[in-house]
Every structure is written in structure tokens, then in C-alpha cells.
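Have the model open beside you as you read.

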Amino acid sequence: MTVWKRKDLLGLEALDAEEIKLILDTAESFKEISTREIKKVPTLRGRTIVNFFFEPSTRTRASFELAAKRLSADTISISANTSSVLKGETLKDTARNIEAMKIDMIVMRHSCPGAPDMLAKTISSSVVNAGDGAHEHPTQGLLDLFTIREKKGKIKGLKVAIVGDILHSRVARSDIWGLKKMGAEVILCGPPTLMPPEIEKMGVRVSYDLREVIKEVDVVNLLRVQLEREKRNLFPSLREYAVLFGLNKDVLKKGAKKDLVIMHPGPINRGIELSPDLADGPCSVILDQVTNGIAVRMAVLFLLLGGHKS
Amino acid sequence: MNRRTKARIMDASAIDRVITRIAHEILEKNKQTKDLCVVGIRRGGACLAERLAKKIREIDGGELPLGILDITLYRDDLTAIAEQPIVRKTEIGFDIRDKKVILVDDVLFTGRTIRCALDQLIDFGRPKNIQLAILIDRGHRELPIRADYVGKNVPTSVAETIEVRLKELDEVDEVIIMEGEK
């Protein structure tokens, strides 16, 4: 039986398939707690978890807070833009000061890739990466895997397309690591200007034609078009993006599988990367992803903090 | 950890007779199955709960909701145990409010598992009462907990272990005493 040995969760790249399976299996047992009337178990009573978000977030932040609270942990959230970071305090100092309040874990989202890694080396508390630049977003990758496994019964052997701005996406990278380790085939699709060069080296296929890709995949994961990129001329216009890479009923008519699963990490730009009718339709599991996010994060917190303190 | 089997104290037919007797005792004490439900504690207790519920239905007929509890998240010793505990699913698919809950486990020892189960059950709602049905009571309580229905009382020393093996999990039905702590 796999035992969790890591102090931190910084990314999916370093995990092996057994560790990922352990998290997903543990999350199964946690999903039920959110259906109870009293959505709480006493497991992490007395533990303190600090959420430190240097970038905006709705889902991830609420999800981590609720996951901690449902495990009876004490949790506080610090937004960098209302903190002393504005006065010039360094990340290291901020972390050390917070740690001096005797906490058990920091959950951090930061725009700098590697920031959680540096934090993990600096403090003895556990660190969970809630997104570091375009590098990784491991809990999103895990909840995507959980959702796929829930809807399809397995991950191995499935074909999964990730569509959109791969270049700037930490979700895509975590998804790729997770899916490859669990035995799925990954196809990336998007404008060439938003596709990282040599990404095939991660063991994925690259296509620039959504209508071709959609015929062969079991799952399609749409990434948000980051609207600020249009200003940097990475694609001619949002309209052109929507026409070529937006998912809508007409694209599905080109031969998509009847049981195709549609995913999106959120927030959605309705009508751009995904049409509203599909976003709200029966193939969409977008809201399931959010529900599963709580279970997966509870599992991560439990595995990191719930056991033997060595 | 050197463990050797000392004695076999129950075989398959003994276990079956005990479950039959406990089923009758439950019906005698509660007079009817109307507000009854049975909840087993993973993993041994869950198997026994299913068998017990089946017996009660055979004798008395009628609906008898069955639930399963995994108490791992309610343990008071999570930071002390070396091995990482496996968390399994809890399945209580019915409302336990105002119900008489027959809580079932295989071995009653220190009583801490039952304490976890009580806390967890009450988080699901306010039952009318909770009655405890146990296959083996081996003594050495560390909390003031007692069983309402007991299969067999087996005095043991702390250095011994009682192992309940059930067909559903271990391919054989038997209860054995082993020397050496778990």
C-alpha cells in the first residue's frame, strides 16, 4: 500500500502513478462528507492552514478554505494586495513571519514559477502549490483526473484533448503530467502562437485543427483565453479565436463521440472558448469539477497533515 | 512482531448461531423493526451488520436500512500511528433522526473505536437511541463504553490479539486468539 511521504505538494511532475492514485482514492472517501448535513469531520482539528494568494482566484481559494474548514482545521486567507508585500516585504520574510505564528501549512498561489518550491525549502511547514506562474497547478490537475476517472471509469487508454492557450497555462502542464503518468494519450490543440515550441517532448501530440481532433477524443478540456493576450498580438482577434478554436455544436457535429466529456477549469469566457449551450449542456462536467475540487483538496490536506508527524 | 495462533475460539457455525441469537435478542428488546436501522463499522463490523440485518429481516420481515461507517477520520490517534491510515467510504443513505441505531462491530476492546463511531453517527443526525452489538468482548476498556448485545465474552491479556476472520474478507469464518500485540 502506498504511503504518503512528502512534506509538500508542489507539482505533479515529481509524483509517480501510485501517489496520484492514492490521492484520487482518498478523495473518493472525502466526497461523501460534502453531501452530509453537517459537512465536517474532526480530523485536522487544531491544525492551522494559511492561504496566501498573490493572484486573484475564486474557485481555488474558496475550495481550499472550505476543504480546510470541513476537516475542522483553522484557516486564514491573506491576499498579497492587502498585505505588507505592498510595503516591500520579501516572500521569504513574509513566510518566516507567518511560520513564527506556529502554523502547519501554507497554500500559495504566486505569479513566479518556482516560488512554492523556494518556500518549501525555507520553512518547515507543509507547502501546497495553488498555481505558480505558468508552471503547475497540481490540485487542478488532480481534480481533472478525478473527474475523468469518475465519468469514464478509468484514465488509462483514454484520449484527452487540451485546447487553447497552452503556452501560458499551468493547468495544461499539470494535466499533461497527470494524464501521462496515469496512461492517457494527450493531444494539444490551439493557435501556433500559443503553443510552446518542442512541447511534443512531454510525450504529447500537437494539432492546430480542432475539427480533426474532436473526432478521436473521449475528453476535451478547454482552457480560458486570457483576454489580455489579445493586446499582445498573440492572435488576431477574439472572434477569430472563437471561430477556429471555440467549441460549439457545429464543431461537435463533425464527428465527436456521443459520450464526449467537456471540461473547463474556469472561469469561462462564454461564446469564446466554449459556447453557452455546451457549457450548460449534458456533456459538460464543469460544475462536477468544482465539487470534486473540494474532495481532492481535502484528500491532499489530509495526506499532508493528517498522519504521523515525523 | 512475532505472533502465533494460540487457540480457535469460534468456527463458522458458532459465529452463525451467535448472529441468530443476537438478531432474536434485538427483536425481543425492541419489539418491532419499525424504527430500527443497522450500521456496521468497517470493515469487520460492516460484514457482520449485513449478516445481522439479513437475519432480522428473515425473522421479522419489513424494511431495515443498512449503513456503513468508516471511523478513520474521527480517530484520536491519527498523529500517533506510524502507518498512514486508509480512509474508506462512509455510506449512510438514510436519515438516522429518531431511528434506533444498532451499531455493529467485530471486537470490543478499549472502546475508542466505538467512541469515534458515536461521534460520527451523531454528526449525521439525532438518533432515538444507539445500541451496540458486538461479536467478541475482550475486556480492557479505556473509556466507559459497554455493549448491549454480546456474542462471546473472551477474557484476554493485553499481550494477546483477537482476530475475527470473515468469509467476505478472509475466505473463512473463524475467531482466533493470537499471542503478540497487533
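Predicted model: local features only at pLDDT ≥ 70, side-chain atom pairs only at ≥ 80, totals over all residues.

- Leaving aside residues up to four places away in sequence, B:Phe94 touches B:Cys37, B:Val39, B:Pro65, B:Leu66 and B:Gly67.
- Between the C-alpha atoms of B:Phe94 and B:Phe124 there are 9.6 Å, although 30 residues separate the pair along the chain.

**Helix H2 of chain B**

- This helix covers residues 44–60, 17 residues in total.
- From first C-alpha to last, H2(B) reaches 24 Å, close to the 24 Å expected at 1.5 Å a residue.
- The buried residues of H2(B) are B:Gly44, B:Gly45, B:Ala46, B:Cys47, B:Leu48, B:Ala49, B:Arg51, B:Leu52, B:Ala53, B:Lys55 and B:Ile56.
- Their cover includes two helices of chain B, H1 (12–30) and H4 (167–170).
- After H2(B) comes B:Gly61, which has a positive phi near 70°.

**H2 against H12 in chain A**

- Helix H2 (residues 59–70) and helix H12 (residues 286–305) of chain A pack with their axes 8 Å apart, at an angle of about 55°.
- H2(A) is therefore oblique to H12(A).
- Their crossing is right-handed.
- On the H2(A) side, the residues in contact are A:Arg59, A:Thr60, A:Ser63, A:Phe64, A:Leu66, A:Ala67, A:Ala68 and A:Arg70.
- H12(A) meets them with A:Val290, A:Gly293, A:Ile294, A:Arg297, A:Met298 and A:Leu301.
- Sorted by class, this contact has eight nonpolar, three polar and three charged residues.

**H1 against H12 in chain A**

- Helix H1 (residues 17–31) of chain A crosses H12(A) at roughly 115°, and the two axes come within 8 Å.
- The crossing of H1(A) and H12(A) is right-handed.
- H1(A) brings A:Leu22, A:Ile23, A:Thr26, A:Ala27, A:Phe30 and A:Lys31 to the contact.
- From H12(A) come A:Asn292, A:Ala295, A:Val296, A:Met298, A:Ala299, A:Val300, A:Phe302 and A:Leu303.
- By class, the contact of H1(A) with H12(A) has eleven nonpolar, two polar and one charged residues.

Technical notes:
Residues numbered from 1 in each chain as written. Chains lettered and ligands numbered in written order. Heavy atoms only, no water. Axes fitted to C-alpha atoms, helices over the stretch in contact; angles between N-to-C directions. Helix = DSSP H or I, 4+ residues; strand = E, 2+ residues; numbered from the N terminus. Parallel < 35°, antiparallel > 145°, perpendicular 65-115°, else oblique. Left-handed = near helix turned anticlockwise from the far one by under 90°. Contact = heavy atoms within 4.5 Å. Nonpolar A, V, L, I, M, F, W, Y, C, P; charged D, E, K, R; others polar. Expected span 1.5 Å × (residues − 1). Buried < 20%, exposed > 50% of the residue type's maximum accessible area, 1.4 Å probe, protein only.
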